[in-house]
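Here are a few exercises to work through with the model open beside you. Try each task yourself before reading its solution.

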Amino acid sequence: MLRLVFSLAVAAWFGSVFFFSFVVAPAAHRNFPGEAGRFLRPIFTRYYRVGVLCGFVALGAVLLGREGLSDATLARLVIPVALALVASLFAGEVLRPRLRDKTPDDPDYARLHQFSAMLNSATLA
């Protein structure tokens, strides 16, 4: 059962990141040039909450079932999820508020946005 919970949490997380990154965001930029940020900004809060929730569920499932896992398997499951969880937490709790307060014309905006996109890509990996 814990294996199923882990798999569903990781699949939901991966699916939400993939769908947002490759479907929603590009469509918003294509259909609302210059205004995509106004459309996407309210979505980001839920987007990161879903990712963090899925990450904690996945970690919880592994840690609850760790008795039946070798140390190597435990590390193979925990380390990537923990790293992706840290990336999501940082992007959602640190970068998102900073980006929200800036306009695309602000020089810091491009740097913060690029860093956020890199963390998003790392979550997919």
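## Exercise 1: Charged pairs

Arg38 is exposed, as its relative accessible area is 64%; exposed means over 50%, buried under 20%, and partly exposed in between, with a 1.4 Å probe and protein chains only. Before going on, note that this is a predicted model, where local features need pLDDT of at least 70, side-chain atom pairs count only at pLDDT 80 or more, and totals for chains, interfaces and linings use all residues. Residues are numbered from 1 along each chain as its sequence is written, and side-chain values use heavy atoms, with hydrogens and water left out.

**Task.** Find which residue forms a salt bridge with Arg38, then look at other salt bridges, including that of Asp101.

**Solution.**
- Step 1. Start with the rule: a salt bridge is a side-chain nitrogen of Lys or Arg within 4 Å of a carboxyl oxygen of Asp or Glu. Side chains of opposite charge can pair when their charged atoms come close.
- Step 2. The partner of Arg38 is Glu35, with 2.7 Å between the closest N and O atoms. Glu35 is partly exposed, at 39% relative accessibility.
- Step 3. Asp101 and Arg100 form a salt bridge through their side chains, at 3.9 Å from N to O. Asp101 is exposed at 63%, while Arg100 is partly exposed at 43%.
- Step 4. Lys102 and Asp106 also meet in a salt bridge, at 3.9 Å from N to O. Lys102 is partly exposed at 22%, and Asp106 is partly exposed at 24%.
- Step 5. The count by this rule is four salt bridges.

## Exercise 2: Asn120 and its partners

**Task.** Decide whether Asn120 is buried or exposed, and trace its side-chain polar contact.

**Solution.**
- Step 1. Locate Asn120 in helix H4, residues 107–124. Helices here are DSSP runs (H or I, at least four residues), numbered from the N terminus.
- Step 2. Asn120 has a relative accessible area of 16%, so it is buried.
- Step 3. The side chain of Asn120 makes a polar contact of 2.6 Å with the side chain of Ser21, a residue of helix H1. A polar contact is a pair of N or O atoms within 3.5 Å; within protein, one must be able to donate a hydrogen and the other to accept it, and residues adjacent in sequence count only if both atoms are side-chain atoms.
- Step 4. Ser21 also has a side-chain polar atom 2.8 Å from the backbone oxygen of Val17.
- Step 5. Leaving aside neighbours within four places in sequence, Asn120 is in contact (heavy atoms within 4.5 Å) with Val17, Ser21 and Tyr47. On the same terms, Ser21 is in contact with Pro26, Tyr47 and Asn120.

## Exercise 3: The enclosed space

**Task.** What lines the largest cavity?

**Solution.**
- Step 1. On a 1 Å grid over the protein atoms alone, a cavity is a set of points where a 1.4 Å probe fits but cannot get out, and lining residues have an atom within 4 Å of a point.
- Step 2. The whole structure has one cavity of 30 Å³ or more, and the largest cavity holds about 50 Å³. Volume here is the space filled by probe spheres set on the points, which are joined across faces, edges and corners.
- Step 3. Its lining consists of Trp13, Ser16, Val17, Tyr47, Tyr48, Gly51, Ser88, Asn120 and Thr123.
- Step 4. H1, H2 and H4 each give at least two residues to the lining of the largest cavity.

Terms used: 1 Å grid on protein atoms, 1.4 Å probe; cavity = no way out; pocket = protein on both sides within 12 Å on 5 of 7 lines; lining within 4 Å.
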